[in-house]
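Open your viewer and get the selection tool ready. We will go from stop to stop, with something to pick at each one.

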Amino acid sequence: MHWFTGLFLLLLLASTATRSWLNQRQAAAVRRHRDRVPEAFAQQVDLQAHQKAADYTVAGAGLNRWDVLLDALVALLLTLGGGIDAIDRAWQAAGLSPTWHGTAVVLSTFLIVGALGLPLSLWRTFGIEARFGFNRTTPGLYIADLCKSLGLSLLLGTPLIFVILYLMQQAGSLWWLFAWAVWVGFSVLMTWAWPAIFAPLFNKFTPVTDEALKERTEAVLQRCGFASKGVFKMDGSRRSSHGNAYFTGIGRNKRIVFFDTLLERLQVAEVEAVLAHELGHFRLHHIRSGLILSVVMALLGFLLLDALMRWDAFYAALGVSTPSTHAALLLFMFVLPPFTYFLTPISAWWSRKHEFEADEFAAKHADAADLANALVKLHRDNASTLTPDSLHSAFYDSHPPALVRISRLQSLATQRS
């Protein structure tokens, strides 16, 4: 066995075992606190809602257990199991040019992996989400979404993969720099275009029309110096009863989006506070810093891929008999996750830090108590657990635990009262 094969297997085993262990910890912690609402939430969350959140979290953990095993199995089958080699050989009979051949192999691999994950997606939507009363997606809408997603992936992904493979084959020793520039341009273009061009293919976005809410939101936008095409309501209720809000886009396509389900549940002052939090991410340059980080990481990734594709043992050690640019790209994408998995807590910590900063920003431009109340309602109505395992939360969660976050907001509200 080549040493790199052993290293890959070791890290795949370690990451899979850790994911499974953390998943079990999360389920056990939630079960342990199922029959008692944390005192800080006792006035706003009843025991029945708390138990529903616990059961929903445990059910999700049960699904995640299979997801972990599927990820490991797919990585093994495509690499050491000869999957990439088999797909490559299957396309050789088509007689395509090297670049088109590579593009076909990459796209086929992604389609196969997507198909393997489809049963878990169906289980989540029509099993768990439906059992707990969240799913509103009909089979017809699910199929339509799937077809639209597949069509967009092919429409946008095919030329991107083709260009990157062409550069890998024809652009010489600096191909990685040109490919990185293409990737950055594509990412920026998609970030700009998604809110106005692609997102409306899946959901309906309409400006907020409630006069009281419109007045409050416009005042917050003005106080925060935010110029965009407005605050929008999205028909999230077509697919789910979950509520959410998010910031999207860059340049003139910046948007704040509220799910209609969220607007139905929150008071005007609470919506204002949530909006101030989302604006905090913009004003504190969290979006920009995230984009810069992704650009830097992409550059490092292309540099690493350049080194690996020139190393013959990289292919043989991972089950590929014939070196090629498309095999290098696929191996890199499916082998990298076990090598980077244990960096996950760093990105989670960075995201939680940004959430705290956005909360502090919101407390200066709205009422921190209103934001705290809104978050409690979101946790309750979305059946988000109030008692996560601390280690699982530290490893994965992009948002701080509810108890920690809301306690900080209540403290900020007290300081400003």
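This is a predicted model: local features need pLDDT of at least 70, side-chain atom pairs count only at pLDDT 80 or more; totals for chains, interfaces and linings use all residues.

Residues are numbered from 1 along each chain as its sequence is written, and side-chain values use heavy atoms, with hydrogens and water left out.

**Stop 1: a helix pair**

Select helix α6 (residues 175-198) and helix α10 (residues 286-309); helices here are DSSP runs of H or I with at least four residues, numbered from the N terminus. Their axes come within 9 Å and cross at roughly 145 degrees, with axes fitted to C-alpha atoms over the stretch in contact and angles running from 0 to 180 degrees between N-to-C directions. Now show side chains: on α6, the contact residues include Trp175, Trp176, Trp180 and Trp183, and on α10 they include Phe302, Leu303, Asp306 and Met309. Contact means heavy atoms within 4.5 Å.

**Stop 2: two buried residues**

Next, pick Thr57 in helix α2 (residues 47-78). Thr57 is buried, with a relative accessible area of 15% (buried is under 20%, exposed over 50%, partly exposed in between, using a 1.4 Å probe and protein chains only). Leaving aside neighbours within four places in sequence, Thr57 is in contact with Gln26, Val30, Ala383 and Thr385.

Then jump to Phe356 in helix α13 (residues 344-365), which is buried at 18% relative accessible area. Not counting residues up to four places away in sequence, Phe356 touches Pro400, Val404, Arg405 and Arg408. Try the distance tool on Phe356 and Arg408: they are 52 residues apart in sequence, and 8.5 Å apart in space, C-alpha to C-alpha.

**Stop 3: salt bridges**

How many salt bridges does a search of the whole structure find? There are 17, each a side-chain nitrogen of Lys or Arg within 4 Å of a carboxyl oxygen of Asp or Glu.

- Select Asp71 and Arg19, whose closest N and O atoms are 3.1 Å apart. This pair links helix α2 to helix α1 (residues 3-32).
- Select Asp55 and Arg34, which meet at 2.8 Å, N to O. Asp55 lies in helix α2 and Arg34 in the loop between α1 and α2, so the pair ties together parts 21 residues apart in sequence.
- Select Arg265 and Asp381, which meet at 3.9 Å, N to O. Arg265 is in helix α8 (residues 260-265) and Asp381 in helix α14 (residues 368-381), 116 residues apart.
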